[in-house]
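Student: I have a new structure to look at. Could you take me through it step by step?

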Amino acid sequence: MVDTNSGSFKGFARAARDTRNNWVTMMFVTKYRFNCFLKQSHIDTCTQAFHELEAFGFKFDELGFAGNHTHFLVDVPKRYSVQIAEIMLKSRSAQRMFAAHPGFRKRYPRGSFWSGYEHHESTGMKDFDASKAYILDQQRHHGVVVVDDRQKTLGVFTAEPDTASPQRA
């Protein structure tokens, strides 16, 4: 069993009100650098998977997708190391991608969606805005065009009066 507390044995109340800066800029690359993030539905699935981890104390600011990789800002809770946080983020998002898009099993038959490469760096309050701007500019920076393939909801249709059949009085 893995001990997930922050090393403090005085209680978990301190970890809940921890005000230290734990923001990390991360980048994950897809396995074999396949361009899996060219459809908006794939981006939405991955984003939702990341946000599911907010129940464990993670906080997300900006997420940027650029074809074969993603950059994002995450506030990692103190009880998790960056390595454990990376494992949690990659495994949850891979599970959701394979569940929502079964065609990915053909491309990744062994079940590894993310490559072993990752990049993370601590983001202080000084360079927070610069990191945020870089993340938001990913599609332009890499020249990627994302296709919006999500299901559109149509407005309510009102039936027009039937003019072809004779009216009965």
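Tutor: Let us begin with a term: a residue is buried under 20% relative accessible area, exposed over 50%, and partly exposed in between. At 40% relative accessibility, arginine 150 therefore counts as partly exposed. Please keep in mind that this is a predicted model.

Student: What does arginine 150 meet in a salt bridge?

Tutor: Its side chain meets that of aspartate 148, at 2.8 Å from N to O. Aspartate 148 has 39% relative accessibility, so it is partly exposed. Asp44, Asp148 and Arg150 are linked in a network of salt bridges.

Student: How many salt bridges does the count come to?

Tutor: The count comes to seven. Glutamate 52 takes part in one with arginine 92, where the closest N and O atoms are 3.1 Å apart. Because glutamate 52 lies in helix α2 and arginine 92 in helix α3 (residues 82-100), this pair ties together parts that are 40 residues apart in sequence.

Student: And which salt bridge does glutamate 52 form with arginine 96, in terms of distance?

Tutor: There the closest N and O atoms are 3.0 Å apart. This pair also links distant parts of the chain, with arginine 96 in helix α3 and glutamate 52 in helix α2, 44 residues apart. Glutamate 52 is partly exposed, at 29% relative accessibility, and arginine 96 is partly exposed at 31%.

Student: Which residues of α2 are buried?

Tutor: They are Gln40, Ser41, His42, Ile43, Thr45, Cys46, Thr47, Ala49 and Phe50.

Student: What should the 13 residues of helix α2 span?

Tutor: At 1.5 Å a residue, they should span 18 Å, and the end C-alpha atoms are 18 Å apart, which agrees.

Student: Changing topic: how do β2 and β3 pair?

Tutor: Strand β2 (residues 59-65) pairs with β3 in the antiparallel sense, over five bridges. Phenylalanine 60 stands opposite valine 74 in β3. The hairpin has three residues between the strands, and glycine 67 takes a positive phi near 75° there.

Note on methods:
Residues are numbered from 1 along each chain as its sequence is written. This is a predicted model: local features need pLDDT of at least 70, side-chain atom pairs count only at pLDDT 80 or more; totals for chains, interfaces and linings use all residues. Side-chain values use heavy atoms; hydrogens and water are left out. Helices (H or I, at least four residues) and strands (E, at least two) are DSSP runs, numbered from the N terminus. The expected span of a helix is 1.5 Å times one less than its number of residues. Buried means under 20% relative accessible area, exposed over 50%, partly exposed in between (1.4 Å probe, protein chains only). Two strands pair if DSSP finds at least two bridges between them. A salt bridge is a side-chain nitrogen of Lys or Arg within 4 Å of a carboxyl oxygen of Asp or Glu.
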